[in-house]
Amino acid sequence: MTTATTATTAATEQPSATRMTGRQVSALVVLLASQFMMAADFSVLNVALPRVGVDLGFTAGNLQWITTTFALCAAGCTLVFGRVGDYLGRRRIFIAGMAVLAVASLIGGIATSPELLLVARTLQGLATAAVTPAALALLTTAFTEPSLRNKALGLNGVMMSSGFTVGAVLGGVLTDLLSWRWAFFINIPVAIAAIVVVPLVVQESRGESRSRIDLPGALLITVGLFVGIYGITRAGEDGLDTVSVGSMVAALVLLGSFWSVESRSADALVPVQVLRKPEVAFGNLAALFIFGGETALIFFTGLYVQNVLGLSSLVTGLVLVGIGVGQILGGLIGPRVLERVPPRAMLGTALLGQGLFMLPGIWMTAHTGWLVPLIATQFVNAIFSMLAMLSFMVISTSSVDTDMQGMATGMATQSQQVGMAIGIPLLSAVFTASIGHGSVGVAEELSGIHLAIGVAAFAQIAVGVLLWLALRRQPRQQQV
């Protein structure tokens, strides 16, 4: 074949190489719909929490366990389920997780006691730990060409942000017009539809190499994260005491033991050489700050709008729509940005931008005129947040081969869940240290919000600079 012919052939083949097939489009739609539902479910229930507490008899101090129970299970078990998907099949784990979600949602919808509701939330957390990394692994293995993978992950971010935005508004509507129970019931038909449709349009995906599941590693990482998140949550609520400190120390011992076990195991849950890769290590470190900071920003925005400005929960939901719209825009432009800027460089830059546009929150006043600059800065913050999320996901998964995509996406999802689980408790501890316990006035509460947001913003700025310096060099062209 001549050079001219080769060039002509390459030119004609290039568009098809970067165009999705019909089967890829169908799989993308189904998997993104599931991610949309999971994100919407999270924000729907958050809006409904006060009504749930009143109807089922949760005390004010115990109400947070509706969220914390879910976060503990989701964060503690995600990596294990991601790796199990590599062995048993990611589609199989996805469908099983959806089945558990349907059952859990039914139990939650008919719950008549706090104990039964917490059982439902435990099962929902386990379902999320199975479904989310499986869906991401199915995406990353279905789209191996870099530009298509970036596009698929960008759309995944768009759907999750859209789900959050729709859920924030839908939660108020369902709770006011129907019942908080519909925050659970709405999941059931979607989960059943996914169980029926996914086998028809999504191909099974699993690792080619077969080995034993690393039970000691799975036990150590799961229990370590459970204990650590519990200790941080308790410290955020009640301050440092024997139980919270003991839990965090135990978590450090368990996670240190996990590293030791993984370094010696031939069938490691997470091979140490993967953890040592800068893309994986720094990417997952970034996720803690990306998601922890954004979750805390949403939490303290709610306190500011309702407790400081004295406005309604509906207004709070509308203010938060600005964050959702910003993240949608970030997800749409993200793939194009990453075609021009390497993800390694974009990660630190985007996290730095996320922190800088969170920083204006330290100047908020007790006047409603601050709503306009609040929405504007949070909108830009959300764009940078989504660019950081997309960059983190790309570098965390593209540096790991196909056999380990369940592990890679499980680890990435686990980092997200851990960040979301510990962000609010850690910054709530800062907030509480500022205002103290007991009844406080608007000025004191606003001062505490300023401090908490400031700590989060400066942490993101510092880590953004660290990541930019650490990842600015191009990686070696190899996978593990």
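How much accessible surface does the protein have, and what share of that surface belongs to carbon and sulfur atoms? The accessible surface comes to about 19900 Å², and 68% of it belongs to carbon and sulfur atoms. Areas here come from the Shrake-Rupley method with a 1.4 Å probe, and for residues only the protein chains shown count as cover.

Before going on, the ground rules. This is a predicted model, in which local features need pLDDT of at least 70 and side-chain atom pairs count only at pLDDT 80 or more, while totals for chains, interfaces and linings use all residues. Residues are numbered from 1 along each chain as its sequence is written, and side-chain values use heavy atoms, with hydrogens and water left out.

Now the overall picture. The protein has 17 helices and zero strands. Both kinds of element are DSSP runs numbered from the N terminus: helices are H or I with at least four residues, strands are E with at least two. Of the 480 residues, 53% count as buried. Buried means under 20% relative accessible area, exposed means over 50%, and partly exposed is in between, with a 1.4 Å probe and protein chains only. As for contacts, meaning heavy atoms within 4.5 Å, take those with a separation of 6 or more: residues 24 or more positions apart account for 84% of them.

Helix H3, residues 65-88, packs with helix H5, residues 114-142, at an angle of about 35 degrees, and their axes are 7 Å apart. The axes are lines fitted to C-alpha atoms, for helices over the stretch in contact, and the angles run from 0 to 180 degrees between N-to-C directions. H3 passes H5 in a right-handed crossing. For that term, picture the near helix turned from the far one by less than a right angle: anticlockwise is left-handed, clockwise is right-handed.

Which residues make the contact between H3 and H5? On the H3 side they include Trp65, Ile66, Phe70, Cys73, Cys77 and Phe81. On the H5 side they include Leu117, Leu118, Arg121, Leu126 and Pro133. By type, the contact residues divide into 13 nonpolar, eight polar and one charged. Nonpolar covers Ala, Val, Leu, Ile, Met, Phe, Trp, Tyr, Cys and Pro; charged covers Asp, Glu, Lys and Arg; the others, Gly among them, count as polar.

Staying with H3, that helix also holds arginine 83. Is arginine 83 buried or exposed? Arginine 83 counts as buried, because its relative accessibility is 8%.

On to the aromatic side chains. A search of the whole structure finds four aromatic pairs. Rings of Phe, Tyr and Trp, the last by its six-membered ring, pair if their centres lie within 6.5 Å; planes under 30 degrees apart count as stacked, over 60 as edge-to-face, and the rest as tilted. One of the pairs is tryptophan 182 with phenylalanine 185, which is edge-to-face at 5.5 Å centre to centre and 80 degrees between the planes. Both residues lie in helix H7, residues 182-185, three residues apart, or about one turn of the helix. Tryptophan 182 is partly exposed at 40% relative accessible area, and phenylalanine 185 is partly exposed at 22%.

Another pair is phenylalanine 300 with phenylalanine 431, which is tilted, at 5.6 Å centre to centre and 55 degrees between the planes. This pair links distant parts of the chain, 131 residues apart: phenylalanine 300 is in helix H12, residues 278-308, and phenylalanine 431 is in helix H16, residues 405-435. Phenylalanine 300 is buried at 1% relative accessible area, and phenylalanine 431 is buried at 10%.

Back to phenylalanine 185 for a moment. Leucine 106, in helix H4, residues 90-110, is in contact with Phe185 and Ile188, leaving aside neighbours within four places in sequence. Leucine 106 and phenylalanine 185 are 79 residues apart in sequence and 6.2 Å apart in space, C-alpha to C-alpha. Leucine 106 is partly exposed at 42%.

Last, alanine 388, found in helix H15, residues 371-398. Which residues does alanine 388 touch, not counting those up to four places away in sequence? They are Ile290, Leu347, Ala350, Leu351 and Gln354. Alanine 388 is buried, with a relative accessible area of 0%.
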